[in-house]
Structures are given as C-alpha cells and as structure tokens.
Amino acid sequence: MSYKIYAPCDGVVKPIKELNDGVFSAGLLGKGISFTPSENDFYAIVENATLAQIFETKHAYFFKIKGLENPVLMHIGIDTVTLNGEPFTVHQKENSNVDLNTKIVSVNLQDIKKANCLTETPIVFECDNKFDIKILKTGSVKKGEPLFEIYESAQENINTDENKPVKFIGKYDSIAQEIYKYVGTNTNYRTYRNCMTRLRFTIKNKEEVDLEAIKKISIVKGTNWSDNELQIIIGGEVYKVKDALDNYLANKDSFKTNNIKRDGFKTEVLNLVKGIILPMLPVMMAASILQALYTLLSDQVFNVFPSINLSEHSIADYSWFNVMLYIIAYPGTNFIGIFFIYCTIKYLNGNTVIGLLIGVTIISPYLFGQPVFEWWTIKIGDVSSVIGIKPYPTSVIPMICAGLVYVYFDKWVKTWMPTSVDIVFRHFLSVLVTCALTFMIMGNILGLFEALIGYIISLLNWVPFGLSTALFALVWQPLVLTGTHAAVWNAIAIPAFDGVTSVPILFGPVFGVFGQYGAAIGIAIKTKNANTRSAALGALPAATFGITEPLIFGSTLRNGLPFLLGCIGASVGGLVYTGMFNGDWFMPNAQGIFSFLSVGKETSQYIGWAVALLAIIGTSILLNILFFNERPNEIKATNKLNKKLIKTVAKLSQKSFKEIELELSNNLSKLDEILNQQLKPNIKVYELNVRKSISDAIKLNAKVSGLNNQKEKLAEKSNHLYELNKIEAMKKVNLKFKELTQGNKLEILEKKAYQSQILSNESINNLNKIQFKYMENVDEIINIVVSKTNEIKINNFKNNYFNVIHSLDIGYEITEKHKEIFTNKLLKQEEKNEKVRVS
C-alpha cells in the first residue's frame, strides 16, 4: 500500500536538508521535502483525506489519510508562527473532507517576506518502522504534481492467523532492540537517557558503534556526536523508544565493563552509591513494611501476640504464627549487609555468586554468637568498639569495602594466574584474602570510624530544647549518602534495646525522611517541567514508608538546593516534637508513616508527632517555593556574570573596576540589547511551548503504555488458550486484540503531542538564533579580555555565559551543560602552576 503527496500550488521542490532551519532539516518532525511556493493559493496535498487540524496561527495544517496512523503536515513558511495568522485566509474547517481541488488557504507571501520570515514550506510525514517515503520529484513543479510517496516498509510483529495465538512485539520494541545492537550492546555504553528529541548514549568505544545501520532505522532522523555521547535524533517518539529499551533491558542480565573514558571522581562515587543503593530499595521497602506489620500485630499495638524476646524465653514458648511472622519480618534488616555486598559486586561486574559466599562468611560469626574472638575493646565516651574477629550483619561500609576489595583483587589475580589453575585457585584466593582483610583490618578500622561518628552524634543528646533531635534530623540524610547511617544509629540506640529506655534523638531519621518528602512536594509545586514534577511525585510513595533513596537520587539531590532545604525542614521536627511536646522514642525502630509506633504512650506525644510531621513537610515545601529556582534568569545571571568578569580582569590587569567596565561598555551594552529586546519579549512563550510539549508527550506515553499492557495481556491469554487447545476462546481474545491494534484510540493525544512538538521545536530554533548572537558578542568580549590579561583560563568564561543563555534548553535537557566553567579556584590553580613553571 502506498500514498502520494502532491504540490499545493506551483513552486520549487528541494530536499528537506537544504532548508537548514535546524528543525525540519534535521528530520525532527518527519521526512519529506521543502516546497517554495510561487502562488498565493494553497490546495490540498492529497487525493482523498480529512483536514484533521488547523493550527490557531493558521500557518500549519494536518491531513489525515485513511490507512495511515500519522498525519501529513504542511507547514507554510519558517518562523511564521510569530505572525499570529495575519497573512493567512483559511477557506476550510477542521475535519472537512478534501481532495486535490479543495482550496485550503490563501497566503500573502509578500507579507511573510516583509516580516523577515521564509516562505519555504516543509511538507513532511512522521515515519515509523511501518512506513517510509520516496521522493518523486525535485526542482520546478506544477500544482497537483506528485512530490513524494509514502510506502509500507514493515509491520509490527503480530500474527494475524486467526487459528494461531497472537504474538505481540511492538514497533518501538523492535526499534529499541535494533539500536541496542548497533550501539554495541551494554558492553559499549555506560549510561543512556533521552531528552525531548534524542536518545543519548555515553559510549565507551566509538569504533564499535554501527552508525550507518542506526541511520537506516526508519524512525531515526539523524545522529550526532558530542564528545563520547552518541545522540540519536528520533523526534517526539523518543520517549517510546527509551521505554521500550528499558523494558528490553529489564529482561536481560546487564553487566558493565571497564570504561574507556572515566568520569570525574565525584561523579564515579555518586554513580557507585546509586548503583548499589537503588537495587536495594525493594529489599529495604519490604523489610520496613514487614517489621511494621509485626509490630502492629504484637502487644505493642493490637496485642494479637506477645513480642518475641529470646533473651528471656525460648522460641518454643511462642505460637507458630508469631514465630513464622517474626522470622519473615526481621532477616531483611538483620542481614542487610549481604544485600549490600551483592549489589556492590554486581555494579562492578564481579562474580555475584562469590559475592554471596563472601557476604555469608562475613556475617557468619553472627550465627554462632558474637564476637567470636575479641582482642580488646576501645571506648569512645559511652560508645564502644570491639577490636577482633566479629560479624558485620547490618554494617553497610564494611560490606561495600569488602565488595570493592574482592572485585579489584580478583581482577588483579586474573592478570597473572595461569589459566590452567585459574578455575581452581583464583576464587579460593580472592575469598580468602577479602574475608581475612575484612575481619582483621578493614572491619576494625571502619568500626572505629563508625564508633567515633556515633559518639559525636550521641553528644547531641545533651543539647536541650529539642536541638539534639533537630541537629540529628539535619545531618541524617547526608549520613545516608555516606553509608554510615546504620552504624551511627546502632551506636546511639544501644540504651533503647532494653525496650523501656527512651532515646528521643532517634526520631531524627524519621524527620529526615519527611524533610525530603516536603522538599519533593515543593519541587513539584515550583517546577514548570513535567518530567521534574513526575520524578518528584513518583518517589513519594516509597518515602511514605521511610525509603528516601529514590526521592534523593531522582529528585532532591539531583536538583541540589532542595536536598539541603529538606534537611533544614527536617530539623524543625526536632524542635517541635522534642522541644515543645517533650516527645519520647522507644523501640521498635519504625520508619515513615509507621513511626507513630515509636511514640510514647501519652496522647500529647501522638499529637506532637503529627504536628512535627506537618511542620516538617510544610517548612520544606515553603523553603523550596521561596528559594528553589529550576534555572537562572538570563538577564540577572548575565549581569552577575559581567560583574564577576570585570572584577577578575581588574584584578589581573591591576586596574579599577570602573576602568574595565568603561573599556567593555560597548560590548556589554550589545549583550544587554540582545537580552532585553530579543530574548525578554519571547522567552516566556518559548518556555510555555517547550513545557506543553513535554506535558503532552507524558500524557501520550501513559496512554501508549496502557494500551501496550492490554495488548501484552491479551497476547499471553491467547497463547495460554492455544496451549489448552481452546481455539474458539482464543479467537475471541484475538478479536479483542485486533480491535485494540486497529482502533486509533490515541488520535487526539497524538495530534496534540505532534502539534506541541512542532511549536516547541520552532521555539527552540528561534531561541537558538538569539543564543548565537549572544555568544558571538561573548566571544568578542572574552577575546578583548584575554588580550588585556594574557590569561588563557579566562576563555572558560565562555562556558559560564553559554550555561546562562542556554538555561532554558539545559533545564529541559535539550542541550548539554558545559562543565569546564571559570571559577576563582581555577584561576588560583593556574597562578600556582605558573609559579612552579617559573621556578
């Protein structure tokens, strides 16, 4: 099946790439041609179709052809969206049937040219993996001549034999698998993500990427390299391909290899922490809820059964149900160390089975009474640390360190051990050395370190008026990031293990959780980016039960300031609960919304707990609304940067601030003119269009995911019925599947998403023109400054200015932020290096 697209009037046809507008020419809105009209009257470009949509600004028209899922777009002129429909007289209404003799719109081409806009008219079709186009003619054409043909290139992998079960592999699934293959699989990239139009891979070895094969994928509009980042230009459907790739990889055992180009130490450490902790979240969530369930059913709340106390009673003294639930509830936290070493070794691409052996070995003394062998005990205040051979069932840092030692020691052994004996001796040697180092050296040193931190934090107990709990709440989430939180908590909680002693400071961790909870809500309220809002709100359910890692790494810490504001908000809870209500904390260690189980028995303390949580969340929300800005204001940030530049140059050239300001005044005034006359009147509209595009894409994605889930379930049911030889029942399921496949349930959402994508791309294109002029002036300024100071590092100021003028597209992940910016520290380091070179 094929469909021809015709010339709307007399004109000239050229390849779309020659348009050089940065949007249509890059293929972001589909494949097609650029048409330059020589007449004012535009007719329908298809033989028989529906005029599906007319843009409010009258410059763009969608034609829906029966048999094609995506519409054909005729976009009259470039930048004509800014003319608000004035040069256009529309002759038809939306949803009217049209043919080649139907006049669609009359256009005053001269008015378009007078407004400094181009009359070139892109006519494009958003291809997918089912359809492609073939250009039929270029050069001069007459009205009604064929321009290009849309032809069927492939189909979704769906079995249409009614006597067979349906098989469903969505078109985006097959595209994702192709891309995965051509980038070199997961052995050749470190990370991948998507922005609004591009799928981005951080590649290890460029030579392993089959770039030509990627370009031939029908949905791919082009590719681009930015250092080691491969950008695959897909357009508005990129999020569908990203989701399909996520799903594909979820069913594979992905692994990592050594990076060719390493990230900075800070980035690598943060990636390591995320790589270890994020896979732990299901364990931590399940363990937290299981313990809360046991506590609720015990004599501490509903009194279904007594709490188990093995120091006073035998396990046989309790009911089978009590014992079973106790056994299910507590291993998740009592043996948490095993999960940490497993995740560490998996992240580093080590042998996870050996990792489990090491984990079980390191906690094994716990199974036989602890410590097995004690050399001596070091006391730091009221906190003691046993030096000897001891278990680490709940210690995070020793287990992570053991995982690191094992992986790197094992790799080193592999470099010299003969292959003939490798399988026999390498694993034995790696386990022996790792466990011995952990028991004898690492564990004891880290134990001392944890005891020291625990002692320092325990001193807060002496701070009056709730300040101790407030301070502990303030530092709790930073402790979580370092991995020392479990050891610190254990050191402080020792007096509470008798079940009757109150340690109010231990409400700090609970308040720390809800501080981040409020910060995420503040981000969701303040942000204009639908993706940022979705990430913040999506992590709240886990935080409700005390698990903040998804929230921290996916939202508050990622945005920087909200994490700190959440910590400050958390401290308010300590002042309220402990200071105002004299609140207590007793075992069990219940987290999140279940933390009321640790409250004292007085009604006033329950009220205090509730007031404290509301105060924390409210304070964190308010702080983020007041102080969190997703991106800097271009004008204010430029003025601030100008002052920093002048101050730096004055210092280097030993002139006054006023002198340098006067010398650069002409260039700085040009910069100010660009910002106030070109950027300021348009930036809000540009951001609105980008924001709407993201929001519409998220809505469409949710609907697509829902439909695909329905298709997958029907396909599974169909195959199951076929296996049972229930052919008639299978046929009914196949019919439902067919209805879902053929019905266009997404038409309205797709139309909105496509239209908003066009407006967004046009906005970014216009913004880029302003940014180019801005950076041209910046280059002139920096060149003048470098000539005055002979300081090459001043060139890094260009990156500072780049990040300011690109704050919108950086904020919405369209453009990469430049990292090598100018700082005073950089200048001091350069001065120090120069002194060394001279000496």
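1. Ground rules. This is a predicted model, so treat it that way: local features need pLDDT of at least 70, side-chain atom pairs count only at pLDDT 80 or more, and totals for chains, interfaces and linings use all residues. Numbering starts from 1 along each chain as its sequence is written, and side-chain values use heavy atoms, with hydrogens and water left out.

2. The overall picture. The protein has 29 helices and 22 strands; these are DSSP runs numbered from the N terminus, helices being H or I with at least four residues and strands E with at least two. Of its 839 residues, 50% count as buried (buried is under 20% relative accessible area, exposed is over 50%, partly exposed is in between, with a 1.4 Å probe and protein chains only). The accessible surface comes to about 39,900 Å², and 57% of that belongs to carbon and sulfur atoms (Shrake-Rupley method, 1.4 Å probe; for residues, only the protein chains shown count as cover). As for contacts (heavy atoms within 4.5 Å), among those between residues at least 6 apart in sequence, 72% join residues at least 24 apart.

3. α13 against α19. Have a look at helix α13 (residues 467-482) and helix α19 (residues 561-580): their axes come within 6 Å and cross at roughly 150°. Axes here are lines fitted to C-alpha atoms, for helices over the stretch in contact, and angles run from 0 to 180 degrees between N-to-C directions. The two helices are therefore roughly antiparallel to each other (over 145 degrees; under 35 is roughly parallel, 65 to 115 roughly perpendicular, and the rest oblique). α13 passes α19 in a right-handed crossing, right-handed meaning that the near helix is turned clockwise from the far one by less than a right angle, and left-handed anticlockwise.

4. What sits in that contact. On the α13 side you'll find Leu 467, Thr 469, Ala 470, Ala 473, Leu 474, Gln 477, Pro 478 and Leu 481, and they meet Phe 563, Cys 567, Ile 568, Ala 570, Ser 571, Gly 574, Leu 575 and Thr 578 of α19. By class, the contact of α13 with α19 has eleven nonpolar, five polar and no charged residues. For the record, Ala, Val, Leu, Ile, Met, Phe, Trp, Tyr, Cys and Pro count as nonpolar, Asp, Glu, Lys and Arg as charged, and the others, Gly among them, as polar.

5. α15 against α19. Helix α15 (residues 508-526) also packs on α19, at an angle of about 130° with the axes 7 Å apart. That makes α15 oblique to α19, and the crossing is right-handed. Phe 511, Gly 512, Gly 515, Gln 516, Ala 519 and Ile 523 of α15 meet Pro 562, Phe 563, Gly 566, Cys 567, Ala 570, Gly 573, Gly 574 and Tyr 577 of α19. The contact of α15 with α19 divides into eight nonpolar, six polar and no charged residues.

6. α15 against α16. α15 has another partner in helix α16 (residues 530-538), with an angle of about 155° and axes 8 Å apart. That makes α15 roughly antiparallel to α16, and here α15 passes its partner in a left-handed crossing. Ala 520, Ile 523 and Ala 524 of α15 make the contact with Thr 532, Arg 533, Ala 536 and Leu 537 of α16. The classes are five nonpolar, one polar and one charged.

7. Positive phi. Lys 58 lies in the loop between β5 (49-54) and β6 (60-64) and is partly exposed at 31% relative accessible area. Gln 654, not a glycine either, has a positive phi of about 60°; this residue is in the loop between α21 (634-653) and α22 (657-663) and counts as exposed at 74%.

8. Thr 191, in strand β17 (residues 189-194), is partly exposed with a relative accessible area of 45%. Leaving aside neighbours within four places in sequence, Thr 191 is in contact with Arg 200, Phe 201 and Thr 202. Asn 799, in helix α27 (residues 797-805), is buried at 18%. With neighbours within four places again left aside, Asn 799 is in contact with His 818, Glu 820 and Ile 821.
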